[in-house]
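Reader: I am new to this structure and would like a close look at one part of it. Please take me through the place where the two chains meet.

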There are 2 protein chains.
Amino acid sequence: MTTLYSEFQNRVKKIKLLESAYSVLQWDMETYMPPNSDKSRGEQLALLSTLAHEHTVEPRVRELVNQLSQSSELTPEQAANVREIKIKLDKAAKISPELIIDLNKTMVDALTAWNQAKKAADYNIFKPYLEKLVILHKRRIEQTGYEGEPYNSLLEDYEPGITAAEVETLFAQLKVELPKILRQIQASGVKPRTDVLLRHFPVDRQEAFIRETIAEMGFDFSIGRLDRSAHPFCTSFHPTDARLTTRFDANNLRTAVGASFHEAGHGMYEQGLLIGNFGLPLGEAASYGIHESQSIFWERFVASHPGFWRHYFPRLQAAFPEALSDVSVDEFCFAWNRVEPDFIRVGADEVSYCLHVILRFELERDLFSGNIRFEDLPEIWNQKMQEYLGLTPPDAAKGILQDNHWAGCLIGYFPTYALGYMYAAQLREAAQEQIPDFDGLIERGQFAPIKQWLNQNIHRHGKMYKSKQLVERISGKPFTVMPFVNYLQEKYSRLYK
Amino acid sequence: MTTLYSEFQNRVKKIKLLESAYSVLQWDMETYMPPNSDKSRGEQLALLSTLAHEHTVEPRVRELVNQLSQSSELTPEQAANVREIKIKLDKAAKISPELIIDLNKTMVDALTAWNQAKKAADYNIFKPYLEKLVILHKRRIEQTGYEGEPYNSLLEDYEPGITAAEVETLFAQLKVELPKILRQIQASGVKPRTDVLLRHFPVDRQEAFIRETIAEMGFDFSIGRLDRSAHPFCTSFHPTDARLTTRFDANNLRTAVGASFHEAGHGMYEQGLLIGNFGLPLGEAASYGIHESQSIFWERFVASHPGFWRHYFPRLQAAFPEALSDVSVDEFCFAWNRVEPDFIRVGADEVSYCLHVILRFELERDLFSGNIRFEDLPEIWNQKMQEYLGLTPPDAAKGILQDNHWAGCLIGYFPTYALGYMYAAQLREAAQEQIPDFDGLIERGQFAPIKQWLNQNIHRHGKMYKSKQLVERISGKPFTVMPFVNYLQEKYSRLYK
């Protein structure tokens, strides 16, 4: 059995190494590749992706997985690795190669069309591609099968173990609670001076502040990097090579600083995976939602904490004396945490953010249950936006066309953003109970115990547990929306009073 | 036949794509990879290299090559592609996989030992590894076979079509002519003010000057980059993605500027290969020697030309007024072209450079004919250094241990450096005859006709012709050392008078 398991491990590690080489090339494409080199890069990426696929569907891998699945000699960790690979292979085996090719081709065209549509603020340019993508995804669902409702098959790709019905229940509570908090905030009549974040902040000094701060949080630059790209992201090729990117705006401090804190949370997760599990599911993040919980945890619960800014604001003031000498730490912290509903999801405050996500989840789900017509989509988007956030987008570019996720085949992905908030909030509650003087540590800039707690409780487990199970195991409580709602209520009733 | 050729082309292109992905990962390792990420990168590189090898030795590739080799329906270009791949496969097929593994392992250990030996200036630390590498290379030569003498098998890897005996004949002439020129220079009693290159030159302004200048030479930054690394190099993943690196020394202007001109020559060759031939031998550089000829051409014959500095020195003076305001263009140009024999090959002037190479060639050849004992190597090195350059290195670090080529399995590679000089000189003579007002173009900074001439005559042919054949075809003359010797005599009798 040991020999079989070793062979299994070597084979899946090979697939992972190919995927990680692919990721290096993709990172390079987004950061340093010369502007006119994209054609050759496309060919390299296509080959690596084909090779990874070929190694995945090799009959010997399936044989090994089938034999090992029936073994009783495996450790619980080994069994979990086999279980996760089996799930992946079973699903992959059901999808026809023709459909994968068709999906990839359509995605490329859909992304181009989405770009044009967004520029022209014209949904009709994108509509036929969205229709085709939904048809192809319906075919994919037919091939893979599903439990409960078709949409579950998509959700499972990003957040295994949670059904659309469960998401609906959680979101139903948020749809009650979040608007309540928003109304309280609006009724308070209080408004922060948000102009303090929109002054002139020279980019090199922003970068120096970010590097210093995320290193102190625990992002290890000896096994990680920070670069620039058009859209911030985190990628990782191994626990010893995690890379963040951000983009800078000299006239908006939040753009780079906020995004970097967020990406650093992702990066610390990747750096916290166990090296010995590299290549195996237990060496991979639990889910997209749990990944998001780590970025939210650091961006929102640590680096938006008033104590955090009491520690860091003096440094920021020293770095930007022209912009910040007339600003108090309380003013700054209030501006940093301002709540102001907007049409746009990216950069939304933490009270309205999940409402953006809920809207998208509902539309996606309706598209797959056939409850909605493609031509009605922009109108329904706008109605929901009015209902949840009290706003109507001026055009489709600021409405239905604002995200490229659908065009990029990330259908069923949006819910993970909101689940990430809820996981993070429940983890925060547990951390406050389990880590002595949690808030004091943040206020003193002593992040090591917090990072270690996340390393121990989340990172090192990889895919051992499903998301909800992991959160419940750590907190010792059923997973609910309440930690998140309580956090928001407490925080914002204090700020807006 | 068309179908067979297409299949052949697709298969060799796949190999090239894997090799180019490997090169991206290697470039990243030398430029941006975090300091402690090397272990994971080693695994990715090993896998890509194994996959490229597996695709190369697939029986179907050999079948296709054998069938196509016998076809009379191929165009001359297609036939050349098949011919070159056949040579590669024939050699690869003869070398046992065990030997390749043994060579790679020994190389890793040898590089480590070389590093330690160089630090300690102790040849004995490196000696056992060098012995083992030579034994393994002798085994390799036994497996591949050879014509004439064993060393030819190694030389053929880097400079196909030239034998050790031919190299010896060429070098014999250089061993007479170069010392003669050196003696004339020393006898002149003239010395340039070399201090003008060793003043303070802020690195960011050096970089701006380099970027502007190599772009004007013709290096295309829309399909290329310049970054920093410990040792300057050029790599390329496709004609539309060629990357240079350099290193900066704020107190030595030559370090970065000279190396960048050199690497830009390599880079323009890579950018000049035909995109349509990517993946095929006709889409690859003719040889290491011809590659070097392109870097030498730009670094020495264009960018060390007095006319070049008459054009660029005013800009340099404007960029570095503190360092250069009291320097005349003639003084600067003389300093740039100073001849001053030194123990060290890297950075040697163009008169003494080839003598460094000849010394290494002679030692390598003697190691393989058994005319030399390993324990005597440092002493023979020093004797030859005294004989050719009139210097004795103070220790082994500045003598036999200065280069890591042998440790890195680049045995038989050194001669290509000197051949590159000679090819370049003969090409320069041809360019002066064939390009109207060659010197005037350089003096006016109009490099496009020169670059186009190199594109047309050299770059676009890839591996269509062997090195010597290519140079003779372009110049219409037999390949000799005379263009190089004449160039040096004319140039330095004028400078040192």
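Author: In this predicted model, chain A and chain B bury about 2,800 Å² between them, and carbon and sulfur atoms give 61% of that area. On the side of chain A, the residues that lose the most area to chain B are A:Tyr32, A:Gln44 and A:Leu47, which together make up 17% of what that side buries. Counted by residues, 35 of chain A are in contact with 35 of chain B.

Next come the polar and charged links. Between chain A and chain B there are 13 residue pairs in polar contact, with both partners at pLDDT 80 or more. The rule also finds six salt bridges across this interface. In one salt bridge, the side chain of A:Arg41 meets that of B:Asp241, with 3.5 Å from N to O.

The most comes from α1(A), with ten residues. Sorted by class, the side of chain A that touches chain B holds 17 nonpolar residues, ten polar ones and eight charged ones.

A:Ser37 sits in the loop that lies between α1 and α2 of chain A. Its relative accessibility is 0%, and because buried means under 20%, A:Ser37 counts as buried. Leaving aside residues up to four places away in sequence, A:Ser37 touches B:Ser222, B:Ile223, B:Thr240 and B:Asp241.

Chain A is superposed on chain B by a rotation of 179° with 0.1 Å of shift along its axis, and the RMSD is 0.1 Å. The two copies are therefore related as by a two-fold rotation axis. Both copies use the same surface, since 100% of the contact residues of chain A recur in chain B.

Methods:
Residues numbered from 1 in each chain as written. Chains lettered and ligands numbered in written order. Predicted model: local features only at pLDDT ≥ 70, side-chain atom pairs only at ≥ 80, totals over all residues. Heavy atoms only, no water. Contact = heavy atoms within 4.5 Å. Buried area = accessible area lost by both parts, 1.4 Å probe. Salt bridge = Lys/Arg side-chain N within 4 Å of Asp/Glu carboxyl O. Polar contact = N/O pair within 3.5 Å; in protein donor to acceptor, adjacent residues only side chain to side chain. Helix = DSSP H or I, 4+ residues; strand = E, 2+ residues; numbered from the N terminus. Nonpolar A, V, L, I, M, F, W, Y, C, P; charged D, E, K, R; others polar. Least-squares fit on C-alpha atoms with pLDDT ≥ 70 in both. Buried < 20%, exposed > 50% of the residue type's maximum accessible area, 1.4 Å probe, protein only.
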